[in-house]
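Visitor: I'd like to learn how to read a few features off a model like this one. Could you take me through them?

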Amino acid sequence: MATTIDIIVPDLGDFDDVEVIEVLVKVGETVEREDGLITLETDKAAMDVPSPENGTVMEFTPIVGDKVSSGDVIGKLTIEVGDTVVITPAIQYVPSGDTTVLAASATADGKAPKIGGVRTLVVPDLGDFDDVEVIEVHVSNGDTINEEDPIVTLETDKAAMDVPAIVAGRIESVLVKVGDKVSQGSSLAIIEAVARAEQTAATVDAPVVEAPPLPAAAMQTPAAMKQQAAPRPSRDLPPVNETGFSRAHASPSVRKLARELGVDLAQVGGSGAKSRILHADVKAFVKAILTGKAAEAAGGGLPKTPSIDFSKFGEIESLPLTRIQKISGPRLQASWINLPHVTQHDLADITDLEARRRELKGPAKERGISLTPLAFIIKAVIAALREFPQLNSSLSDDGTSLVLKKYFHIGFAADTDQGLMVPVIRDADQKDVYELATGLAELSAAARDGKLKTPQLQGASFTISSLGGIGGTAFTPIVNAPEVAILGVSRSSMQPVWNGSGFKPRLMLPLSLSYDHRVVDGAAAVRFTTFLGQKLADVESLLRAIP
Amino acid sequence: MADHDAQLAVIGAGPGGYTAAFRAADLGMDVILVDRWDTLGGVCLNVGCIPSKALLHAARVIDDAEAMADHGIFFGKPRIDAVKLRGWKNEVVSKLTGGLTQLTKQRKIHVLHGNARFESANSLRLDSGETIAFEKCIIAAGSESIMLPGLPDDPRIIDSTGALELDSVPKRMLVVGGGIIGLEMACVYSALGTDVSVVELMDQLMPGTDKDLLRPFLKIVKPRYEAIMTSTNVTGMRPTVPGIEVSFEGKNAPEMGVYDRVLVAVGRRANGDQLDADKAGVAVGGRGVISVDKQMRTNVSNIFAIGDLVPGPMLAHKASHEAKVAAEVAAGEKSYFDARAIPSVAYTDPEIAWVGLTESEAKEQGVDYDMTKIPWAASGRALSLGRAEGFTKLLWDKKTERVLGGAIVGPNAGDLIAEIGLAIEMGADATDIGQTVHPHPTLSETVAFAAEAYAGTLTDLYMPKKR
């Protein structure tokens with residue numbers, strides 16, 4: 001069943017008559033919930049008005065230059081409504097960064113929503129994920145649910161998770177269905193909260209309640225509103241370098257605008273005569289940052305590889321990247337661009353280790369444990385990380401200090417049908433080889449089956465990429481930034497090794513340590529691999545039980 | 001419960017304080033403005049900028065009339081009615097302070113009188129005992145004249161406030177301190193007929209100012225003043241019946257002089273330490289100065305400070321700009337004090353004005369600059385005013401050709417300097433200024449000439465190409 005709803009300009013805080021600077025959709029276009037419809041520019045920031053629902057734009061009136069205010073109807077949207085879906089009149093716009101819930105009844109007058117009233121349950125902070133698929137809906141209209149009951153199950157690229165209700169009550173309407181894509185802040189359901197939930201609600205509402213009910217404090221109300229209403233805060237703007245700011249070629253009015261938007265003029269290129277920074281440059285800079293094109297705006301864009309129509313040369317097929325590839329790709333690229341990588345290659349003598357492992361393999365198998373070389377390598381790596389703590393670190397955000405980690409969570413690259421995943425063995429230093437082997441097996445299986453949970457993919461302090469099971473003699477792995485080093489392992493091979501009097505056949509394991517040269521210098525890296533080699537040669541030390 | 005409460009309390013109703021109060025009120029805050037005096041306007045309106053300018057105008061008229069004698073117009077010696085002159089000056093002042101009272105009423109600002117002291121970071125107490133609870137506070141309590149220590153108590157030893165009182169025109173006056181305030185008053189009294197001597201501890205008048213700016217000024221005043229004693233220390237003052245006996249120590253000074261009046265104008269001191277600011281947790285530095293950030297915030301986030309008691313020159317126009325920033329930030333706006341240049345003006349005759357980088361600063365900071373200077377002898381307007389002693393100079397960034405600073409000496413230099421201030425703020429270069437059509441014949445042309453001189457397009461003077 002289809003129905004038509006009005007597209008209403010959401011609460012813009014105390015802005016009125018805000019100029020439309022960009023129209024992002026036209027009549028007939030299909031939009032998804034949260035898709036930007038128009039871009040508005042207040043004197044404080046640019047913001048998109050998001051679509052309230054998935055649907056098709058039937059009417060759309062704004063043109064660039066129009067002025068709109070909160071509550072203005074700017075168009076109509078035809079939406080598909082399932083039996084269980086009822087559309088609320090106006091979905092409250094939830095600024096990103098807000099926590100978990102905002103009442104649909106929170107009105108434009110800025111009054112705090114009534115505790116126990118009608119509330120919208122929204123998607124909480126999902127970490128880095130956006131556009132997550134709803135794979136299960138656990139509630140339907142009229143259901144009475146308790147706090148913590150799951151509303152929906154979402155599947156992120158890496159894990160499935162339930163979104164629990166943060167208040168108890170009766171579901172008035174469910175706003176999503178299986179297959180919908182949601183992001184942080186997306187509305188899931190309308191709930192008539194029961195009073196029992198008062199405490200929770202009060203906590204959650206804290207920022208809203210801040211607007212004091214005192215009539216005398218007339219001044220604070222707009223200020224508080226402003227804070228709430230500032231949609232999509234310019235969170236990623238870099239801090240202002242005052243010296244650079246004071247020298248920027250910009251007139252006082254441009255400086256004022258930059259201050260309001262929090263822009264460091266030192267980083268803005270001027271498009272005016274003699275490189276004068278204009279108002280438009282400041283706005284474009286903010287817009288670029290908000291849309292994630294900061295590097296390009298700052299003039300740091302990378303040269304593009306040529307775009308070629310391959311079909312000119314023969315038959316082609318287009319295969320979309322998997323979800324995991326789409327996520328891991330930019331991360332790998334970011335690391336590759338940002339970190340000065342150096343790779344140290346070395347060979348470790350694992351003749352004794354392998355002999356011992358083979359002895360232990362059978363009995364372990366009887367206990368259900370597959371004792372792989374990687375378990376031993378992790379053991380040796382832990383010892384080496386203890387010896388060289390700077391390899392178990394990250395560079396601080398401002399690049400002025402090193403964050404040394406006192407924990408040893410080892411990520412390992414797992415090859416799956418969907419792409420590369422890096423599950424993490426937590427507190428690997430507190431596990432013996434058998435426990436490590438068990439953990440490796442479990443996590444690998446979960447990765448293959450796509451059942452890894454988010455925590456199992458987070459927190460690594462060092463990563464190992466072992467391709468030894470497949471082949472290769474050496475490679476240059478990319479550091480899993482913000483870690484500072486990654487150990488690549490290739491296939492071991494029997495090699496003649498000169499022992500001073502003759503060549504002996506020894507099983508040699510190729511190690512390739514890529515590291516962030518800002519943190520690790522070459523000498524430290526080769527000492528690390530040398531130490532690692534010695535540890536791998538001393539299998540008994542690796543087998544010693546954990547104290 | 002406090003006797004009064006407000007979102008914003010402003011301490012001091014000078015140009016900083018009243019501007020802050022007005023701006024905040026215009027932004028919707030409810031404001032209490034406290035001042036120790038009954039009339040608003042602070043030092044500037046009551047006993048500073050404004051009354052001194054009235055008297056300086058009188059002085060200028062006297063001097064100009066006298067100067068016309070050389071060109072065929074004789075007025076004779078002026079008869080000076082000090083009482084009437086003082087009356088006119090007071091009228092100017094009360095017109096302005098009355099206007100301020102009107103403006104506070106229109107804005108519904110609650111004005112309280114008395115000395116305010118902090119009780120906490122959210123409350124003030126007046127000396128009357130009344131208390132004020134505030135959410136935010138702007139300290140704009142200004143500065144006071146420094147009196148030399150150990151001076152005898154004698155009505156003939158006065159500060160700038162006393163000098164502006166103009167209770168009589170002394171025969172012989174000593175001005176202690178060759179700064180802007182001392183020289184302005186010297187100017188007034190000299191025109192009124194007093195024999196003026198100026199004594200300054202440092203080796204030049206207006207210490208810190210580019211020396212070339214003083215030359216045209218000295219050329220005019222040296223013949224008129226009894227003595228200008230630089231590098232000279234006042235070692236003692238003794239009141240006697242004929243006058244104040246002042247002893248000096250310095251190579252160009254007599255050992256002793258007797259003066260009917262001694263004006264002490266050796267500087268001003270910030271009032272930041274007069275407010276028990278420590279009770280609010282506000283850190284007050286040496287000499288009563290309160291440090292602030294670029295949003296005029298003190299170390300206590302709801303308390304701001306502006307004007308004479310924060311670092312920087314003690315100038316009304318600096319205070320009023322800082323005031324707007326503080327008020328806007330207090331009202332939740334993201335304002336910053338981002339001005340790049342604050343003009344300074346000595347309203348002497350000739351006036352001396354400068355803005356932005358000075359040559360001494362440029363040398364000190366190792367700035368790679370160029371300088372162009374236009375003597376007013378090349379200005380038709382200056383010649384027709386009979387005032388060819390002045391000049392206009394501009395400093396340029398060699399790389400960008402933008403103007404970094406400027407200075408003007410001559411009548412109305414204080415008005416002319418504003419254009420250079422705008423040019424600095426706008427990042428204008430020599431071509432921008434030179435190609436702005438300036439009206440002819442005006443003194444403002446000299447600014448354009450100086451720019452053209454740098455751009456190499458000047459035709460009103462012959463300047464062999466340097467570059």
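Visitor: Is the crossing of α10(A) and α12(A) right-handed or left-handed?

Guide: The crossing of α10(A) and α12(A) is right-handed. A crossing counts as left-handed if the near helix is turned anticlockwise from the far one by less than a right angle, and as right-handed if clockwise. Before going on, a caution: this is a predicted model, where local features need pLDDT of at least 70, side-chain atom pairs count only at pLDDT 80 or more, and totals for chains, interfaces and linings use all residues. As for labels, residues are numbered from 1 along each chain as its sequence is written, with chains lettered from A and ligands numbered from 1 in the order in which they are written.

Visitor: At what angle do the axes of α10(A) and α12(A) cross?

Guide: Axes are lines fitted to C-alpha atoms, for helices over the stretch in contact, and angles run from 0 to 180 degrees between N-to-C directions. Helices (H or I, at least four residues) and strands (E, at least two) are DSSP runs, numbered from the N terminus. Here α10 (residues 373-387) and α12 (residues 522-537) of chain A cross at roughly 140 degrees, and their axes come within 9 Å. That makes α10(A) oblique to α12(A): under 35 degrees is roughly parallel, over 145 roughly antiparallel, 65 to 115 roughly perpendicular, and the rest oblique.

Visitor: Which residues make that contact?

Guide: Contact means C-beta atoms, placed from the backbone, within 7 Å. From α10(A) come A380(A), V381(A), A383(A), A384(A) and E387(A), and they meet F528(A), F531(A), L532(A), K535(A) and L536(A) of α12(A). By class that gives eight nonpolar, no polar and two charged residues, where Ala, Val, Leu, Ile, Met, Phe, Trp, Tyr, Cys and Pro are nonpolar, Asp, Glu, Lys and Arg charged, and the others, Gly among them, polar.

Visitor: How does α3(B) pass α6(B), left-handed or right-handed?

Guide: α3(B) passes α6(B) in a left-handed crossing. Helix α3 (residues 49-67) and helix α6 (residues 180-192) of chain B pack at about 45 degrees, with axes 8 Å apart, which makes them oblique. With α4(B) (residues 82-106), α3(B) packs at about 140 degrees, the axes being 9 Å apart, and that crossing is right-handed. The α3(B)–α4(B) contact has ten nonpolar, no polar and one charged residues.

Visitor: Why does the length of α9(A) agree with its residue count?

Guide: The expected span is 1.5 Å times one less than the number of residues. The 16 residues of α9(A) (351-366) should therefore span 22 Å, and the end C-alpha atoms are 24 Å apart, which agrees.

Visitor: Where is the kink in α9(A)?

Guide: A bend is the angle between axes fitted to the seven residues ending at a residue and the seven starting there. In α9(A) a kink of about 35 degrees lies at L360(A), shortly before the proline P363(A). After α9(A) comes G368(A), with a positive phi near 85 degrees.

Note on methods:
Contact = placed C-beta atoms within 7 Å.
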